[in-house]
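The report is meant for someone who is meeting the structure for the first time.

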Amino acid sequence: MKKTTVVQPYDLESINIKNWVTKSNILIESTYKLSLQEQRILLIMASKVQPNDETLKTYRFRAKDFIEIVGNKKGTGFYSYLKEIVNGLQTKILTIKEKGRQRNYNWVITSIYEENEGYITLQFHPSLKYLFLELKEKFTSYQLENVVRLNSVYSIRIYELLKQYERLRKRELTLEELRHFLAIEPTKYKQYGHFKSKVLAVAQKEINNKTDIHFEFVEIKTGRKVTSIEFIITSSSSPALNDASAIKEKKLELNQHSFELEGNSNSIQNELVDLGVKPEKIEWLLSEFTKEHLERNIRYTQDRLITGDVTHPHSYVVKAIQKDYAKLSHESKLLQSKKTVKRELVPDFMVAAKEKQRTFNESTLKDKQELFFKEIGTQIEFEEKLLQFQELKRMLVLSSDEPNQEEVKKAQEAGLQEVIRNMEEDLKKRQELDLEPRLVKDFKNKELKKIYKEFLQSKILNKT
């Protein structure tokens, strides 16, 4: 029998820990929860992305090389373990919040296993392109070797957050912000002492010993309670690292607020100084935001200061600039002028729903079918919308920043019912248009597949 040659669709990729990882700062400051092994897989993939790539490519690795960096579970075949990790990773969601919108993405869209050959093929979700490619500003770069050696998921995330501010040498985060970035549940490490020993101290030891940066941290208190952490960041190449007293002097120097601006010509700088903003924060704000963005939020803060609505202008104006309170306030007033009943910010796809429904009702059956498929999109797009609705519902139900278990459970149930409601609408509309219902096997997301299967079973039981 003639032996056939199998042509592999993708080149075999080597893993070089000297490669660079480049991420948008939007991704650095997003919230996601991944295991250590899942993080390492994504970091290896990110290190293969090249600045001149036009798309997020598909990468094929030797599974044995991959597991040497990712790590293996005792008593488990490395290929089976790798497959288990990637399958779990494909169900994880990345949530990006920008300009009043929340977007949910799957990290990995393609995974191909060649067990006999010992290879694994992976691809980022195409929608993540803007977080890895064509980054002209507001991005962070570091070599892969700095993170793959870290053994704590929190160490990896803290390293990225500090590397982002390496040039400024300092970063202050409230405990609330830090817990949010690290995706730490409200019930975990509730006591600061526990958080300090299990998160901060572990990260400090790992980062200082294994990466290209070092950090010290200062606890900032409100009364007797620690409310913020000030990180003092030093590059490992700095000679001061060999001198403990030099580090202490640097810390004291960075904590002084007697910074004098060169000249008084820049009105934005002067206004921020007048509001009490720290010099290093001013430098960061000027480098991150446009003049118009800064001016409108400074005016917004000054107006609220006059009316007595602001008591701590130095911190409020920074938050206002970061969240663009001025723009949100303007949009809110426009909505109120149109007598909009809902007060919360609603995504564009929900605002336009009524108009789309009117057009749909006035069409022929054939046109309705075409409009339906255009509106619903592909199966993946439909699943992404379900996840968006689910997360939005959860957020609306949660009434506090630190909800208890009962509130979290209530929010999760509300999110589930929102998914079922949308599945119900989809099925009903398909029936009205003489279209076949979706099949359980069509669903790619494991959670949605399970929900849809139970949903169909309940429909069958109700009929009987």
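Axes are lines fitted to C-alpha atoms, for helices over the stretch in contact, and angles run from 0 to 180 degrees between N-to-C directions. Helices (H or I, at least four residues) and strands (E, at least two) are DSSP runs, numbered from the N terminus. This is a predicted model, in which local features need pLDDT of at least 70 and side-chain atom pairs count only at pLDDT 80 or more, while totals for chains, interfaces and linings use all residues. Residues are numbered from 1 along each chain as its sequence is written, and side-chain values use heavy atoms, with hydrogens and water left out.

The secondary structure of the protein comes to 21 helices and 11 strands. Of its 464 residues, 41% count as buried, a term that stands for under 20% relative accessible area, with exposed meaning over 50% and partly exposed what lies in between (1.4 Å probe, protein chains only). Contact means heavy atoms within 4.5 Å, and among contacts between residues at least 6 apart in sequence, 65% join residues at least 24 apart.

**Helix pairs**

| Helix pair | Axes come within | Crossing angle |
|---|---|---|
| H13 and H14 | 9 Å | roughly 140° |
| H2 and H7 | 9 Å | roughly 40° |

Angles under 35 degrees count as roughly parallel, over 145 as roughly antiparallel, 65 to 115 as roughly perpendicular and the rest as oblique. H2 is therefore oblique to H7, and their contact is made by Leu-36, Gln-39 and Leu-43 of H2 together with Val-153, Ile-156, Arg-157 and Glu-160 of H7. H13 and H14 are therefore oblique to each other as well, and among the residues that make their contact are His-293, Leu-294 and Tyr-300 of H13 and Pro-313, Tyr-316 and Val-317 of H14.

Just after H11, Gly-276 takes a positive phi of about 90°.

**Strands and the helices on them**

Two strands pair if DSSP finds at least two bridges between them. Three strands form an open sheet in the order E9-E11-E10, with antiparallel pairing. Strand E9 (170-174) and strand E10 (213-222) stand at the edges, each with a single partner strand, so one side of each is left without a neighbour in the sheet. From one strand to the next the twist averages 20°. E9 is joined to strand E11 (residues 225-235) by five bridges, the two running antiparallel, and in E11 the bridge partner of Thr-174 is Ser-228.

Two helices pack on this sheet. Helix H7 (residues 153-163) touches E9, E10 and E11, and its direction makes about 90° with that of E10. Helix H9 (residues 192-210) touches E10 and E11, and its direction makes about 160° with that of E10.

Elsewhere in the chain, strand E4 (residues 93-98) and strand E5 (residues 101-106) pair in the antiparallel sense over six bridges, with Thr-95 standing opposite Asn-104 in E5. The hairpin of E4 and E5 has two residues between the strands, and in this hairpin Lys-99 takes a positive phi near 50°.
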